[in-house]
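Keep the picture open while you read.

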Amino acid sequence: MNEDNIIICRCEDVTLKDIRNLIQQGFTTIEEIKRLSRIGMGPCQGKTCGLLIAKEIAEITGISIEKIELQNIRPPYGGVTFEEIIAGDEVEK
Amino acid sequence: MHNIEKVELIIVGGGPAGLSAALAAANYGVNVILVEEREFLGGQLVKQTHRFFGSEKEYAGTRGLKISNLLVKEIKENEHIKVLTSSRVLGIYKDKIVTILTNNKMMKYFPKALILATGASEKFLAFENNDLPGVFGAGAVQTLMNLYGVSPAKKILMVGSGNIGLIVSYQLLQAGVEVACVIEAAPKIGGYSVHASKLRRMGVPILTSHTIKKAVGKDKVEGAIICQLDSSWREIIDTDQFIKCDAICLSVGLTPLTDLLRQTNIKTVYISELGGYIPIRDENMETNIKNLFVAGDVSGIEEATSAIIEGQIAGLNVAKRINKNVKYQLEIEKQIMEAKEELELLRAGPVGEKVRKGLKKIGLNNSKNYDERMSNEEYDISFLMRTGIPSNDNLKMKLPQSEEIFNKGPIAISECFQKFPCDPCVKGCPFDAISEEGNINNLPYVDFEKCTGCAICVSKCPGLAMFVVQKNYTDSTSLVTLPYEFLPKPMKDQTVLVLNREGTEICEGIVKRVIDGKIQDKTTVVTVEVPKEYFLETRNIKVK
């Protein structure tokens with residue numbers, strides 16, 4: 001199995017090898033791995049890779065998956081332009 | 001507050017859960033804003049061309065897209081519901097302010113209550129070259145095919161045999177796409193056996209204990225390497241097999257789409273039985289944040305029928321808080337009770353066990369109403385669940401016990417061996433000849449004395465598991481009536497190839513009758529004359 005050819009984060013093109021290397025270096029939370037590899041920072045915001053990485057952390061570290069947290073999510077959900085924000089403020093309610 | 005509109009209820013997501021939640025609340029005068037990201041309502045229902053299982057009350061026997069049309073029509077006629085399509089909820093803030101991007105404007109709202117019915121996203125699989133063009137999720141394949149009429153491939157490998165994998169495979173066949181095979185890592189088929197049997201009699205192999213190792217191809221998928229797994233899910237060496245295909249469809253499960261929820265202080269917990277990280281909620285669908293409800297797949301993966309009922313429960317609970325009119329309080333309470341009972345019944349059988357286990361982990365559904373006997377299969381269906389083909393022992397149980405019954409004329413044979421909640425055959429029989437002994441989770445049995453062989457049930461059964469046989473049509477031939485959902489449709493007097501339960505050609509037959517009326521709703525009912533020796537084997541036809 002060539003871990004280099006297995007994509008875990010499609011948005012940011014991060015491979016299984018990259019993820020396993022980081023976990024082995026001691027980065028065992030999704031938040032840490034996100035900051036170092038950009039997983040979960042693309043358009044899908046971790047919907048594709050999140051569970052796969054959680055399982056990978058669980059397998060390598062022995063931490064049960066129930067104890068692993070997904071990445072933090074903050075507003076806004078998806079992109080929004082300044083123009084759209086201003087336009088909303090100008091509507092008479 | 002500046003430019004913040006106070007509203008009663010915001011519902012996020014226009015799928016089955018969101019639609020039913022909106023109707024349930026609006027029927028008691030609650031003013032609802034229903035927000036849907038796409039340009040139309042209906043969610044995944046709009047892609048579902050197959051008939052739904054479940055109880056008639058929740059539209060069983062009706063095709064998914066028709067259920068969507070019915071609900072959306074009601075929504076549009078309801079003056080209390082304002083629909084925002086092509087609109088996205090951007091944020092849910094600690095002070096309960098909700099921002100929505102609609103019509104190129106970011107609007108701010110302050111709702112009294114919020115129902116999140118955001119559904120699910122597809123799980124992805126790690127294998128070599130999984131980024132090669134031609135690797136699809138099942139949702140994308142369904143969207144291309146059923147929404148836009150675009151064929152995704154010529155020959156496809158389906159990974160995963162849950163209901164979605166099985167249903168999408170069948171729809172691919174209907175669209176004229178070849179399905180090389182369906183592979184499943186578990187030792188048994190994940191979805192309903194009737195869906196698997198439909199594929200098998202079209203000649204599609206289902207390989208359990210198999211997984212994909214590698215997508216093969218230079219610039220796009222040209223094939224895949226699959227291998228066998230042992231009972232501990234480890235690869236068995238030297239079992240590599242090359243499957244030629246131009247697309248690989250992944251149908252390896254769904255996970256709750258909790259992104260919006262996780263913007264808040266909601267508590268989530270990993271429950272594998274419910275698809276991943278789910279929000280903690282109570283039996284009224286309310287989360288640990290007051291007046292923030294969830295419904296449908298976002299609260300744990302199930303199916304559309306339970307999503308509809310969960311939506312009702314959430315919507316009714318909001319109505320109870322907002323509509324203070326005493327006159328309605330009792331009525332609402334009664335409806336909530338009924339919906340909960342309905343949901344419990346849906347989950348009572350063997351296929352509901354996984355969901356029951358998952359819910360128990362978050363302290364729900366420890367109900368006394370679950371009858372142990374109800375949750376056991378009636379027969380040993382291990383062979384059926386491994387192959388998609390009922391065993392001879394299974395078949396025998398549903399056949400008339402005496403030969404004389406065949407002399408009486410045509411009779412219906414039910415090939416439904418796995419217990420799950422479904423009743424269109426029972427409700428549809430005009431002669432009351434099919435019974436589940438009062439519980440929707442039981443297997444249906446035909447009372448051969450009452451059955452006239454009218455074949456209404458053949459097109460009613462969502463699993464296409466009803467057949468009518470007339471053994472002694474002539475001295476040497478029998479008639480078999482079966483459901484057929486492919487083009488071109490057979491014509492009367494035409495000679496067709498006759499297939500058995502494995503999709504193997506066994507003989508030729510002559511089409512004696514084709515019923516394709518409004519009641520059949522595109523499930524054509526075909527009667528074919530076959531040599532007598534094949535009357536119990538004839539389960540499909542191929543139009544030449």
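## Chain B at a glance

Among the 544 residues of chain B, 53% count as buried, meaning that 20 or more other C-beta atoms, placed from the backbone, lie within 10 Å of the residue's own. This is a predicted model, in which local features need pLDDT of at least 70 and side-chain atom pairs count only at pLDDT 80 or more, while totals for chains, interfaces and linings use all residues. Residues are numbered from 1 along each chain as its sequence is written, and chains are lettered from A, with ligands numbered from 1, in the order in which they are written.

Chain B holds 13 helices and 28 strands; these are DSSP runs, H or I of at least four residues for helices and E of at least two for strands, numbered from the N terminus. Its radius of gyration is 24 Å, close to the 24 Å of the globule rule for 544 residues, so chain B is as compact as a globular protein of that length. That radius is taken over C-alpha atoms, and the rule is 2.2 Å times the number of residues to the power 0.38.

Two strands pair if DSSP finds at least two bridges between them.

| Strand (chain B) | Residues |
|---|---|
| E13 | 223-228 |

Which residue of E13(B) is the bridge partner of B:Val216? It is B:Gly223. E12(B) and E13(B) pair over 6 bridges.

Conventions
Buried ≥ 20, exposed ≤ 12 C-beta atoms within 10 Å, placed from the backbone.
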